[in-house]
Amino acid sequence: MTEGNGTERNQSNEKRTEEKRIEGNVIKYGDNVDTDVIIPARYLNSIDPKELAAHCMEDLDKSFVSRVRPGDILVAERNFGCGSSREHAPIALKASGISCIIAETFARIFYRNAVNIGLPILECPEAARDIAEGDQVSVDIRTGRVGNRTTGRTYQAVPFPEFMQEIMEADGLINYVRERMERK
Amino acid sequence: MGMTMTQKILAAHAGLDRVEAGQLIMAGLDLVLGNDVTTPVAMEEFKKIGAGEVFDKSKVAIVPDHFTPNKDIKSAEQCKRIRDFAHHQEIVNYFEIGQMGIEHALIPEKGLAVPGDAIVGADSHTCTYGALGAFSTGVGSTDMAAAMASGQCWFKVPEAIRFNLSGKPGPWVGGKDVILHIIGSIGVDGALYQSMEFGGEGLSALSMDDRFTMANMAIEAGAKNGIFEVDEATIAYVREHSAGKYRIYQADKDAEYTRVIDIDLSGIRPTVAFPHLPENTRTIDEVGDVPIDQVVIGSCTNGRIGDLRTAAKVLKGNKVHAGVRTILFPATQAIYLQAMKEGLLEVFIEAGAVVSTPTCGPCLGGHMGILAKGERAVATTNRNFVGRMGHPGSEVYLAGPAVAAASAVTGRISSPEEVVK
């Protein structure tokens with residue numbers, strides 16, 4: 001049981017705030033990737049991000065843990081992250097080294113959770129359908145521009161609404177709330 | 001343009017006269033909920049906010065129900081941490097083993113959710129309380145932490161799909177069959193980001209237990225919330241369980257819906273969702289020959305007294321099929337006691353089934369009924385994803401309590417019509 005997951009999160013958030021451009025190799029999945037396969041419930045007796053990352057995607061893709069590299073971008077199709085509210089799912093992906101997720105659509109709780117922990121996440125149907133496993137992709141979180149370096153194609157995602165940008169720029173919801181409460 | 005039920009509740013909780021779909025709002029909350037899986041993460045985030053105390057000790061509820069009674073040492077440690085947190089924070093509605101139940105059966109039973117409330121819970125099935133005409137939705141642990149500190153949560157005001165119910169369901173058709181039928185037709189992302197608003201003259205044919213089951217599975221269609229019009233049955237339920245104030249919201253006549261879907265309840269057959277998505281539905285007449293190894297009757301979806309009565313009707317005087325492990329989970333202590341008083345537990349035990357203490361247990365592959373590779377279960381639970389009840393090579397078929405009990409008797413997925421002559 002670790003107590004220190006927040007420190008790790010905040011450090012990576014600081015890095016992200018400085019640099020909004022993300023580049024990485026793509027790992028690609030299809031429709032309806034649910035939170036039970038992202039992190040099976042049998043591992044939810046831990047909140048240690050490293051321990052969760054060691055089992056990430058285990059029931060969908062046993063090779064994920066061994067082939068994911070820090071900075072990789074996960075691309076999926078419809079309804080990514082459907083199912084349970086477990087924040088352990090985006091925590092496990094982030095701790096695995098995933099730098100950004102692009103999908104056609106996201107399940108709403110997963111979407112909130114990713115924003116809240118500062119894991120960049122973009123809805124872009126065109127990019128989600130077009131980008132293939134192994135492509136090299138760059139993402140500008142501020143503008144929502146996605147570039148596929150392998151094919152030379154570019155795509156435009158809907159950028160975060162201002163309100164969510166503020167949450168991201170405060171390094172996640174916790175800092176955002178703390179700042180608001182301190183102002184009161 | 002008018003507002004939907006959900007939009008009206010959100011407007012009232014945001015202190016606004018009106019809201020529109022897509023608008024981002026900050027809403028005040030009547031209840032913030034967590035369990036033993038999500039609260040440990042939320043506690044850590046809560047400490048980082050530095051608020052010290054939760055916004056209202058009586059408006060936070062913590063229910064250790066997922067891996068309880070503690071399934072292993074790590075779960076015991078997690079439960080101990082949230083127990084200490086609850087005691088330190090003097091959380092009024094912390095429910096220990098002996099008082100607890102599966103959170104989404106327990107919260108309405110304790111009168112902690114009433115019509116017109118705005119509720120968030122760090123559990124996706126928090127949408128259950130929409131059955132009472134409340135706005136209620138699942139969030140993650142960080143949202144729970146922020147909500148515990150501030151008493152507020154941000155929302156994007158949802159659009160809505162309106163379901164107009166008519167007719168009366170057949171004898172073995174319950175809320176589970178209706179919601180599986182709906183998910184089968186609109187898909188697991190058919191209501192993504194939206195409200196599912198249920199109403200119409202068919203509502204009177206659905207018990208409160210049926211409605212809890214339906215609202216519970218709104219998330220399985222991707223919905224933000226499911227919400228039911230308030231009628232006499234709702235009021236009777238609320239009066240029985242709560243002394244507090246409630247407020248009835250009705251959708252405006254000119255409320256805007258993305259879709260209006262008419263559902264004739266009399267046309268719905270007992271329905272089963274095949275692996276590995278709740279949208280893979282077939283009527284009981286189309287299932288074919290599917291032998292099974294286990295039956296689970298319970299969960300936040302179907303562990304209420306009405307569900308147990310239905311199961312008992314099918315199991316009474318019958319024996320479970322040799323080799324079919326049949327496990328029933330009354331969802332709360334009160335339901336358990338009621339089932340005992342009505343003689344239902346005796347029916348189950350005489351049939352060769354076992355009756356467990358309340359727990360989420362097998363529904364999420366936690367404990368108390370895990371499947372081995374290649375095994376199949378019929379379950380009254382809510383998800384049949386890969387590995388949901390155990391080995392990734394096992395299979396879960398979702399059904400209501402009548403089909404689940406009938407299948408326990410025959411050893412393959414069966415209609416209650418086949419078992420109860």
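**A parallel sheet in chain B and its surroundings**

Modeller: In this predicted model, chain B holds an open sheet of five strands, paired in parallel and ordered E4-E3-E2-E5-E6. Strand E4 (93-94) and strand E6 (135-138) of chain B are the edge strands, and because each has a single partner strand, one side of each is left without a neighbour in the sheet. Within this sheet, strand E2 (residues 31-35) of chain B is joined to strand E3 (residues 60-63) of chain B by four bridges in the parallel sense, and in that pairing Asn35(B) stands opposite Val63(B) of E3(B).

Val295(B) has Val378(B) of E17(B) as its bridge partner, and Val378(B) in turn has Tyr397(B) of E18(B) as a bridge partner. E17(B) and strand E18 (residues 395-398) of chain B are parallel as well, with four bridges between them.

Ser299(B), in helix H9 (residues 299-302) of chain B, has a positive phi of about 85° although it is not a glycine. This residue counts as buried because 29 C-beta neighbours lie inside 10 Å, where the cut-off for burial is 20 or more. In chain A, Asn79(A) also has a positive phi without being a glycine, here about 60°; Asn79(A) sits in the loop between strand E2 (73-76) and helix H5 (88-96) of chain A, and with 25 C-beta neighbours inside 10 Å it counts as buried too.

Gln333(B), by contrast, counts as partly exposed, because it has 18 C-beta neighbours inside 10 Å. Gln333(B) belongs to helix H11 (residues 333-341) of chain B, and, its neighbours within four places in sequence left aside, its contacts are with Gln99(B), Gly101(B) and Pro358(B). The C-alpha atom of Gln333(B) is 7.9 Å from that of Thr357(B), a residue 24 positions away along the chain.

As for the contact between the chains, 39 residues of chain A touch 47 residues of chain B. On the chain A side, the elements that give two or more residues are helix H1 (5-18), helix H2 (35-38), helix H6 (108-117) and helix H9 (173-183), and of these H6(A) gives the most, with six residues. By residue type, that side of chain A divides into 17 nonpolar, twelve polar and ten charged residues.

Chain A as a whole has nine helices and seven strands, and 51% of its 184 residues count as buried. Of the contacts in chain A with a separation of 6 or more, 68% are between residues 24 or more positions apart.

How values were computed: Residues are numbered from 1 along each chain as its sequence is written. Chains are lettered from A and ligands numbered from 1 in the order in which they are written. This is a predicted model: local features need pLDDT of at least 70, side-chain atom pairs count only at pLDDT 80 or more; totals for chains, interfaces and linings use all residues. A residue is buried if 20 or more other C-beta atoms lie within 10 Å of its own, exposed if 12 or fewer, and partly exposed in between; C-beta atoms are placed from the backbone. Two residues are in contact if their C-beta atoms, placed from the backbone, lie within 7 Å. Ala, Val, Leu, Ile, Met, Phe, Trp, Tyr, Cys and Pro count as nonpolar, Asp, Glu, Lys and Arg as charged, and the others, Gly among them, as polar. Two strands pair if DSSP finds at least two bridges between them.
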